[in-house]
Amino acid sequence: MMRKLLPLLLILLLYSQAPVSADGIRYGGDAIVLIGSGPESISKLCSVRLLSLISPNGTSPLIVQNSTFNRVAFNGTHLSFVLEKNSTVTLIKDYGVALLLPFLIRVESGKIVEVNYLSDNSSFGNFELIEAKKGQSARISINGEIIEGPWIPGLEGWLFRREWSSYMEPSYLLLFNNGTYIAFGGIARSYTNFVTLGNVSLRYSRAVLSLSNDSVFLRAFGPSIKARKVDAVGPEEGFFIYGRDNMSLVEVKCSGPSSFTVIDPKYCNTCEFNGNEFYFDSNFNVQLNVDSPSDVMSGSSFRILVAPPPGSREISIVFGNSSIVLRNISIPMRIEMRAPTIEREVLNDLFVTVKTNDGIFGLKRGIKILSTYTAQLLNSTEVYLLGGRGSISIKVYNLGDLSSQISSVRMDLLGSKSGNIPLNFQVYYQIPPKSSTIINLPLDIPVGEYLGNILMNISDSMNRIYSLSLENIKIISTPEIPLSMLTFISPEIPNVGDYVKLSLSLSSAIPLEKLLVNVSSTGMDPISDTSKFLLNISEGEIIRLEFSFRAKSVGPSQILISAYYLPKGYSTYRTAVKEVKIPIGNVEGIVYAEANETNVKVGESIELRVRVEGVSGEVTIDFPKGAFIVESQGAVRGNKVSLLAPADVKIVLSFNTTGNFTLPSFAIFNGTRALPINAVHVNVVGGAINEEERSLRAKLAELNRRYKTLTEASGSLESSDRELLDKVSDLLRESENLIDKGMYSDAERSLREAESILSSLEERAYGYMSGLINFLMYFIIGAGFSSLLLIYRRLGKRRKIWK
């Protein structure tokens with residue numbers, strides 16, 4: 001009898017830890033559960049304990065630490081409990097010791113000399129204390145051998161050492177001032193500051209000791225344990241890594257059957273149980289969040305999410321014959337439980353009880369357990385049939401212990417126009433015990449909306465007949481292609497170079513789970529994304545999309561629109577295609593380009609002659625990446641030159657990489673229309689330029705351009721400034737030669753000197769021009785006032801004459 005009661009006595013009673021006052025134990029909520037406290041109900045009890053919040057790197061501290069382990073290491077599949085600690089070396093005569101239980105380490109001359117491990121006190125034998133005085137040495141006798149040990153102030157005891165040679169032979173005895181003692185056995189000798197030990201004991205599979213700055217550091221690892229990662233914790237014993245992003249180490253232990261009692265305030269406000277009085281307080285509440293399903297399958301597993309409230313010490317969950325207690329849990333946790341196997345549909349109660357320092361709070365939720373045979377429609381709540389053809393999929397569950405079979409299925413369709421359509425299906429499906437099967441019912445019905453009712457007959461191996469029904473299934477039969485596309489082109493007849501906008505409106509007669517729209521064109525280049533991907537298109541919802549092109553060549557062109565869509569309830573994509581024809585007209589104007597060289601090396605320059613004919617206005621000419629504009633007669637912005645057409649200009653280019661270049665690459669008239677180009681193709685050869693050389697050549701090109709600008713305005717400079725300008729020319733030529741020779745540092749210094757002189761010359765030239773402009777402004781204003789005064793005087797003379 002005592003053996004049967006022992007597991008119950010070992011279970012920590014939930015209510016026993018709640019505060020007890022003269023009025024009893026306070027509780028609130030719907031109902032509380034007292035585990036291990038009554039004969040009313042029996043369940044299998046499992047305890048879940050949070051051990052550590054796992055860090056992805058290194059070791060993580062245990063929430064509840066002890067002298068054996070205080071941290072845990074996890075490498076993705078296996079975990080090891082770890083003892084990490086350190087101790088300052090205590091000097092004793094000619095050597096020092098560090099006590100890191102269960103290890104004692106002896107140190108001499110900055111090296112670890114020996115390592116000892118805690119042993120059974122009896123291994124040291126019987127000893128007799130001869131003399132001991134606190135603060136002084138002591139002497140003991142072991143089997144007639146007199147051993148003297150020094151007093152260690154930090155340990156409040158005496159340390160006695162014996163010579164040893166065999167593994168775990170008695171080596172040290174630490175006698176405390178209170179008369180107790182611990183003994184050590186020698187396990188390793190060394191003369192280094194880093195020691196690794198393997199198979200230290202059954203407790204530690206490996207230990208690492210290191211000595212640094214008179215402190216000994218210990219990392220002792222327990223045996224490696226394979227830990228399974230889970231999203232939910234259930235009644236399975238072991239260590240588990242819970243969660244994905246923020247991982248936690250939890251331990252699950254199960255103790256077998258345990259009794260529990262439910263106290264419900266509907267039946268008693270004050271309940272006496274096992275000598276304790278529980279009184280209901282309607283004002284007592286906690287922030288307890290529980291997410292549970294409303295119904296579950298008989299015999300199946302299901303999950304609930306419990307978020308511990310602040311101040312909770314223990315949470316118990318009871319459902320049917322399963323109980324789980326969460327201890328030290330401070331994070332939201334998913335709990336996996338199993339519904340009992342039943343023959344008919346019932347409503348069962350889920351009890352969640354939380355214990356806090358203020359009392360006990362309970363929550364009761366009703367969960368429906370579905371019967372042994374049940375059916376589930378795998379289609380969505382609305383079944384869509386494209387072209388009137390498709391199928392209805394039904395999953396039938398057999399949660400009993402006998403084999404069963406489905407022999408017939410009948411469906412009645414009630415349509416708004418066609419009336420009642422009866423359909424009979426001759427089927428034969430076997431359903432083994434505790435399993436399921438999927439049946440497919442093919443349909444081919446006219447376009448329209450229907451409500452369907454399905455009746456299935458199931459018989460088991462005992463020839464008992466069961467009936468399952470699914471009612472009010474909405475079935476919508478649609479045309480073969482439910483997707484419609486409307487297009488709008490602007491402008492309808494574009495010219496070469498025009499921007500063309502395609503506006504697309506899409507709508508569907510049925511919901512779409514996914515929609516991918518691709519556009520392509522002949523005769524036009526896309527200047528926007530050519531595909532759009534959308535999710536969850538509702539029935540009748542209008543989707544508007546826009547795509548942009550640029551007309552490329554004269555003549556007939558087209559845009560091909562391809563829509564790939566996944567109708568709701570279907571597993572394969574459908575396709576809809578539409579073609580839009582667009583005629584492209586011509587536009588006057590053309591760009592001609594001629595070059596003095598078509599084969600150059602990297603870093604060399606070419607002269608490009610560009611003529612723009614047939615248009616009047618601003619033309620922007622683009623050059624490809626890798627080509628730098630050294631000088632130009634137009635306005636330069638990066639790799640673009642803007643000029644007024646018609647024009648005939650010279651542009652000097654340099655290249656910093658090899659390849660075939662089309663010059664120019666693009667020409668835009670008035671910012672909106674592309675002009676056709678009679679381009680030049682230049683082949684650039686030579687070794688690839690590294691990043692430093694590319695940067696220096698770009699700097700050289702920029703300074704050449706600034707030098708050219710100052711040269712054209714040299715008439716406004718003094719003779720000394722013109723001499724400096726000549727020096728800049730020499731520095732730029734010198735820099736180019738240094739770059740060609742690979743002397744980048746010298747070239748960079750020459751470029752910096754040239755840039756400094758150019759900056760000072762530009763400032764003086766700007767100051768001269770500003771003074772000239774101010775002089776002209778004052779001169780014009782003064783001349784204006786003089787003219788007005790002269791006119792006024794003449795008018796005065798005329799008045800005198802007329803008088």
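These notebook entries record what I looked up in a predicted model.

**Entry 1. Basis.** I worked on a predicted model in which local features need pLDDT of at least 70, side-chain atom pairs count only at pLDDT 80 or more, and totals for chains, interfaces and linings use all residues. Residues are numbered from 1 along each chain as its sequence is written, and side-chain values use heavy atoms, with hydrogens and water left out.

I looked up Glu108, which is bridged to Arg106 with closest N and O atoms 2.2 Å apart. Glu108 is partly exposed at 24%, whereas Arg106 is buried at 10%. I noted that both belong to a salt-bridge network that also includes Glu114, Arg161 and Glu163.

The second pair was Glu480 with Arg574, whose closest N and O atoms lie 3.2 Å apart. Glu480 sits in the loop between β42 (465-478) and β43 (483-490) and Arg574 in strand β50 (residues 574-584), so the bridge ties together parts 94 residues apart in sequence. Strands (E, at least two residues) and helices (H or I, at least four) are DSSP runs, numbered from the N terminus. I recorded relative accessible areas of 35% for Glu480 and 23% for Arg574; Glu480 is partly exposed, and Arg574 also counts as partly exposed.

Arg706 counts as buried at 18%, and Glu755 as partly exposed at 23%.

**Entry 2. Helix α3.** I checked the length of α3 (residues 719-741): its 23 residues should span 33 Å, and the end C-alpha atoms are 34 Å apart, which agrees. The expected span is 1.5 Å times one less than the number of residues. I listed its buried residues, among them Asp721, Leu725, Val728 and Leu732. Just after α3, I found Gly742 with a positive phi of about 85°.

**Entry 3. A three-stranded sheet.** I traced an open sheet in the order β27-β29-β32, with antiparallel pairing; pairing requires at least two DSSP bridges between two strands. Its edge strands, β27 (289-291) and β32 (333-338), each pair on one side only. The twist averages 25° from one strand to the next, with axes as lines fitted to C-alpha atoms and angles running from 0 to 180 degrees between N-to-C directions. Three bridges join β27 to β29 (residues 301-307), and Asn289 stands opposite Ala307 in β29.

**Entry 4. Other positions.** I located Glu513 in strand β45 (residues 512-522); this residue is partly exposed at 31%. The C-alpha atoms of Glu513 and Pro567 are separated by 6.0 Å, although the two residues are 54 apart along the chain.

I located Leu53 in strand β3 (residues 41-53), where Leu53 is partly exposed at 48%.

How values were computed: Buried < 20%, exposed > 50% of the residue type's maximum accessible area, 1.4 Å probe, protein only. Salt bridge = Lys/Arg side-chain N within 4 Å of Asp/Glu carboxyl O.
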